[in-house]
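The sequence and structure are shown below.

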Amino acid sequence: MRIEQFSKAYDRSTFNSGNHQLDDYLKTRISQDIKRKISACFLLITDTDKIAGYYTLSSAEIPAKFFSEKEAKKLGGRYPYFPVTLLGRLAIDSDFKVQGLGKLLLVDALKRSHAASNSIGSIAVVVDPIDSDADRFYRKFGFIELEYGKLFLSMGSIAML
């Protein structure tokens, strides 16, 4: 398997993660978001060119007030907003569940985000878990809850992974 940047060359019509929102996004909306530079998408492709999973990244900002006082100070608390990288979506096709591919995609997203933070400021990767399973998944990798339900992992923590 390999991870590559989104391409229309791959058949998206059969992708089925079991979550209609995530499936519909890949099938019908991702091309427009990429064209408009709203997000970047990376595909996990099998040896037979089937999409086994995907994730999206975009830039975002988080109000400093949503971080704990301790965390905000550590991040440079004098700013009203902090630049972050948003891991907007991450999904695995149902045919490939329970193979550790979610972890593979997450690690790739974190590495890519960390590398980009050297060129474009970003203090953390932020996720907004779609359900309790996703919440547990991200917490296993050290993501910490912000005051308003999103989870984040600082670039310092990512560097240590």
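Ser31 has a relative accessibility of 16%, and because buried means under 20%, this residue counts as buried. The model is a predicted one. Ser31 belongs to helix α1, which covers residues 20–35. Leaving aside residues up to four places away in sequence, Ser31 touches Phe6, Lys8 and Arg12.

**Aromatic pairs**

The count of aromatic pairs comes to 5. One of them joins Phe137 and Tyr138: the ring centres lie 5.2 Å apart and the planes meet at 70°, so this pair is edge-to-face. Phe137 also pairs with Phe141, with centres 5.2 Å apart and planes at 65°, so that pair is edge-to-face as well. The reasoning in both cases rests on the cut-off for the angle, since planes over 60 degrees apart count as edge-to-face.

Phe137, Tyr138, Phe141 and Phe143 form one aromatic cluster. Within this cluster, Tyr138 has 7% relative accessibility and therefore counts as buried.

**Charges over rings**

Two arginine side chains lie over aromatic faces, as listed here.

| Charged residue | Ring | Distance from the ring centre |
|---|---|---|
| Arg89 | Tyr25 | 3.5 Å |
| Arg112 | Phe42 | 3.9 Å |

Definitions and conventions. Residues are numbered from 1 along each chain as its sequence is written. This is a predicted model: local features need pLDDT of at least 70, side-chain atom pairs count only at pLDDT 80 or more; totals for chains, interfaces and linings use all residues. Side-chain values use heavy atoms; hydrogens and water are left out. Helices (H or I, at least four residues) and strands (E, at least two) are DSSP runs, numbered from the N terminus. Buried means under 20% relative accessible area, exposed over 50%, partly exposed in between (1.4 Å probe, protein chains only). Contact means heavy atoms within 4.5 Å. Rings of Phe, Tyr and Trp (its six-membered ring) pair if their centres lie within 6.5 Å; planes under 30 degrees apart count as stacked, over 60 as edge-to-face and the rest as tilted. A charge sits over a ring if NZ of Lys or CZ of Arg is within 6 Å of the ring centre and within 35 degrees of the ring normal.
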